[in-house]
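Subject: Structure handover

Dear colleague,

Here is the structure I said I would pass on. Please keep it open while you read the notes below it.

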Amino acid sequence: MRKPIDSPFSPGSDTVPQVWAGRADQLSDWRDQLRPRRMAGIHERGRTILGEAGLGKSSLVRRIAHQAAASGDWATPQLRIPSGTDPLKRVATALLDLAEKAGLASSREKRIRALLHRVETVAAAGVSLTLRQQPGPEPYTALTDLLIEIGRAALKHGDAMVMIHIDEVQNISDEDVLSQLLTALGDALTHEEPVTAPGRQRLELALPVAVYLTGLPEFTEMAGSRKGATFARRFKTTILEPVADDDFLAALQPFVTEGWEIAGGATGSERVYMEPAAQQKLVDLACGEPFLFQLAGERAWYADTSNVITAADVTIGWRHALDEAERHVQRILDRLPLRERQFLEAMAALPPENRSLTSIAQQMGYDQAQQAGPYSQRLDRQRGILARDSKPYRFRHRAVGAYLTTDWPDVS
């Protein structure tokens, strides 16, 4: 009955899984704050969503984009920026597509046609474009102007929002290029459009434009510390944390109560159920990680063909996921600077009740706790791997903590 083609689990980046868990705050932020305020002409910052690999950053914003598109909004696809490439070219191409959707491509205005031509040049040449090569403004200014024109078109439309999603922003290693991109997006977000309200009252409205940036935690330092208060004023940053176990349990509850419907059978549909013990075991293995949750669910689905996923299925399936789960956490640790990695290893070597900054510093060989303080701050505020708000310290990133302190992922 269970077939791979019917599995609702999707353990991969950039997908929106059918079995969705958690992130209610971020989904509510789009639905109840960001979109309504921007549609009303009220200024609202762009959103930067960061976190370690596997926490579902891209999937979260793609889910928001799908909701936006279903509401008739004008949303770009996920604009992933590979390392070493020019982000201005990628964004310019996406804005040209939005301009066509907004009807600007058929405009007879000379100013609009000249702007579209300029952005087409940026899409082809990117940051290599200079004033000597082409008359007109700098490339990033052209992107700002076109995004403002798209926002104006959405404002006239009346019920459409413009949403832009740029992914893997930590790959923009050139500081000048990053500055140009953030300036272009930020200037469009802060633009005020003069309109005439009933009674001939003149108003200045923000455009219905939203920008989401997603990437790894190091982007906080790349953008925040180098661009200072300007970036903070224009973008609100969220560091994603692991999903709560209760949210994972709630996502699997339909399997337990009424079953998960799939195609097939004499009636045209069948249902796959899950034992409560399997539900709990799957959640325990995931350690709050959306990627590991989807991975464990997929492997449990593949473990048998019956219409009931058992705890044994979860165990059998997880055996085939051990190497991938271990590599996932190891990649997170391998990206850390040496001292931050040593801090975590020293913390893991101590009993949970003794994980204070003083004890960890001593375990690292320092004479004073302050010497280890900067590493704890970065692991907490920027990376979200540990939590200093509790005494003693605890692992916020539960998969990293389990890997360093237990036999996980080998739980046989």
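A residue is called buried under 20% relative accessible area, exposed over 50%, and partly exposed in between (1.4 Å probe, protein chains only). By that rule S59 is buried, because its relative accessibility is 11%. S59 sits in helix α2, residues 57–70; helices (H or I, at least four residues) and strands (E, at least two) are DSSP runs, numbered from the N terminus. Leaving aside residues up to four places away in sequence, S59 touches D14, T15, V16 and W20. Contact here means heavy atoms within 4.5 Å.

Before going on: this is a predicted model, in which local features need pLDDT of at least 70 and side-chain atom pairs count only at pLDDT 80 or more, while totals for chains, interfaces and linings use all residues. Residues are numbered from 1 along each chain as its sequence is written, and side-chain values use heavy atoms, with hydrogens and water left out.

The chain as a whole

The protein chain has 17 helices and twelve strands. Its C-alpha trace spans about 70 × 70 × 45 Å along the principal axes. There are 412 residues, and 50% of them count as buried. Among contacts with a separation of 6 or more, 72% are between residues 24 or more positions apart.

The accessible surface is about 18,800 Å², and carbon and sulfur atoms hold 48% of that. These areas come from the Shrake-Rupley method with a 1.4 Å probe; for residues, only the protein chains shown count as cover.

For charges, Lys and Arg count as positive and Asp and Glu as negative, with His and the chain ends not counted. Each charge is placed at NZ of Lys, CZ of Arg, CG of Asp or CD of Glu. The mean positions of the 49 positive and 53 negative charges are 6 Å apart.

A helix pair

Helix α13 (residues 322–335) and helix α17 (residues 398–405) have axes that come within 10 Å and cross at roughly 100 degrees. α13 is therefore roughly perpendicular to α17. On the α13 side the contact uses E326, V329, Q330, I332 and L333; on the α17 side it uses A399, V400, Y403 and L404. The axes are lines fitted to C-alpha atoms, for helices over the stretch in contact, and angles run from 0 to 180 degrees between N-to-C directions. Angles under 35 degrees count as roughly parallel, over 145 as roughly antiparallel, 65 to 115 as roughly perpendicular and the rest as oblique.

Backbone points to check

Most residues other than glycine have a negative phi, and most peptide bonds are trans. Which residues join through a cis peptide bond? W408 and P409 do, with omega about 10 degrees, and P409 lies in the segment after α17.

R23 is not a glycine, yet its phi is positive, about 65 degrees. R23 lies in the segment before α1 (24–39) and is buried, at 11% relative accessible area. C287, also not a glycine, has a positive phi of about 55 degrees. C287 is in the loop between α10 (276–286) and α11 (290–302) and is buried at 7%.

Two partly exposed residues

P82 is in the loop between β2 (74–80) and α3 (87–101). P82 counts as partly exposed because its relative accessibility is 42%.

E221 lies in helix α7 (residues 219–227) and is partly exposed, with a relative accessible area of 37%. E221 and Q170 are 51 residues apart in sequence and 9.8 Å apart from C-alpha to C-alpha.

Regards
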